[in-house]
Amino acid sequence: MTTFKNLLLTGVALGALLGACATAQAAAGVRVKELARVAGVRDNPLTGYGLVFGLSGSGDSARNRATLQSVANTLRNFGVNVSEADLASRNVAAVIVTARLPAFAEPGQMLDVQVASSGDARSLTGGTLMLTPLSGPDGRVYAIAQGAISVGGYQFEGVTASLQKNHPTVGWVPQGASVEQGSPLRVAGDGRSLSILLNEPDFTNAERIADAIRGSVSGASVRAEHAGKVTVAYANVPANLVSEISRLENLSVQPQRKARVVVNERTGTVVAGGDVRLGEVTVSHGDLKVEIRTDYTVSQPEGVFVRPGSSIGSVVVPRTEIKADEGPAPLVSVREGASVAELVSALRAIKLSTRDVIAVLQSIKAAGALDGELVIQ
């Protein structure tokens, strides 16, 4: 209970701090680049299949035929002819390599790479990723990865015990991939028009962004297509498109934040935005404890029997006792316009558990007294 109280206080304090920061930021305005992006500007996933060498007996076992075949094929590329039956080492592991290709990436740029075991390797600690081509969804190779793997965990095994920290079968190769081909995606359109896509669609914010652009750009048609898209159409193609996009994304707007409460049941953290308010509500929480206890006794027949029948014998008889104890129901009243922080403080006074707090918030939302969205993680 003490840990939960501390986590709850931390969550409420964090929520209050975030709310204060959001209020100060809203007063000063937020740049368009924090709320939206230009259509066509996004990262692209890259994937590849490779081998990790140099493992100390923690690689894939002989049951992984794909690994053995891959090792044999790799050795043949170096002029070493060996069959799969001759490979018995556990110093190699087959892995899936992933990375993100940023927009406007150019050849020579370095990327971070994530490596994950695809077989039954116990750990990738100390391994080195061999040359691995990384392909995009179109099947073309955009980067090549290679390097020493950094693993934020370990695993040690004995005869009857093992010790593990984090996930030793997943690791990173910092700056381990070199871009060989630039990103194929560019700013969408022919340069005469731009589309601004909101990170979180909202009609009010879309219209405010459109108003800010209208006040800054002359001779252009600006329209909010829907909650997630604002279109800017120029009479003539801008002489410097990069400069024009930079000017648009640095415009300041006053965004409208969504009133939202996030509850994490696993950690007992409650985070609420500053705009979340409660209607007048009364919460009654009852404490019902039910105890069921069953004892088994043996019933023996009385008297002395000569040649007793098969129906006479000892019988095990269960005896069940049920006790119900319902304590007084604590009562909490919250005034209209109160914040979630005030509600949580009141619930702490009656010593509610994490699950009880979540149940109370769900009930308040169902009663229509929570002016905001409730998100349970």
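Q: What's the strand order in the three-stranded open sheet, and what's the pairing?
A: The order is β16-β15-β23, and the pairing is mixed. Strands here are DSSP E runs of at least two residues, numbered from the N terminus, and two strands pair if DSSP finds at least two bridges between them. This is a predicted model, where local features need pLDDT of at least 70, side-chain atom pairs count only at pLDDT 80 or more, and totals for chains, interfaces and linings use all residues. Numbering starts from 1 along each chain as its sequence is written, and side-chain values use heavy atoms, with hydrogens and water left out.

Q: Which strands are at the edges there?
A: β16 (269-272) and β23 (373-376), each pairing on one side only. The twist averages 15° from one strand to the next, with axes fitted to C-alpha atoms and angles running from 0 to 180 degrees between N-to-C directions.

Q: How many bridges join β15 to β23?
A: Four, and the two strands run parallel. In β23, L374 stands opposite V261.

Q: OK, other sheet. What's the order in the four-stranded one?
A: β2-β11-β13-β12, open, with antiparallel pairing. Its edge strands are β2 (36-38) and β12 (220-226). Neighbouring strands are turned by 20° against each other on average, direction ignored.

Q: Which helix packs on that sheet and touches β12?
A: Helix α4 (residues 203-216), which also touches β11 and β13 (229-234). The α4 direction makes about 175° with that of β12. Helices are DSSP H or I runs of at least four residues, and contact means heavy atoms within 4.5 Å. Helix α5 (residues 241-249) packs on the sheet too, touching β2, β11 and β13, at about 35° to the direction of β11.

Q: Switching to A143: buried or exposed?
A: Buried, because its relative accessibility is 0%; the cut-offs are under 20% for buried, over 50% for exposed and partly exposed in between, using a 1.4 Å probe and protein chains only. A143 is in strand β7 (residues 141-148).

Q: What does A143 touch?
A: Leaving out residues up to four places away in sequence, A143 touches L46, T132, P133, L134, A177, S178, V179 and E180. A99 is 44 residues away along the chain, with a C-alpha separation of 9.1 Å from A143.
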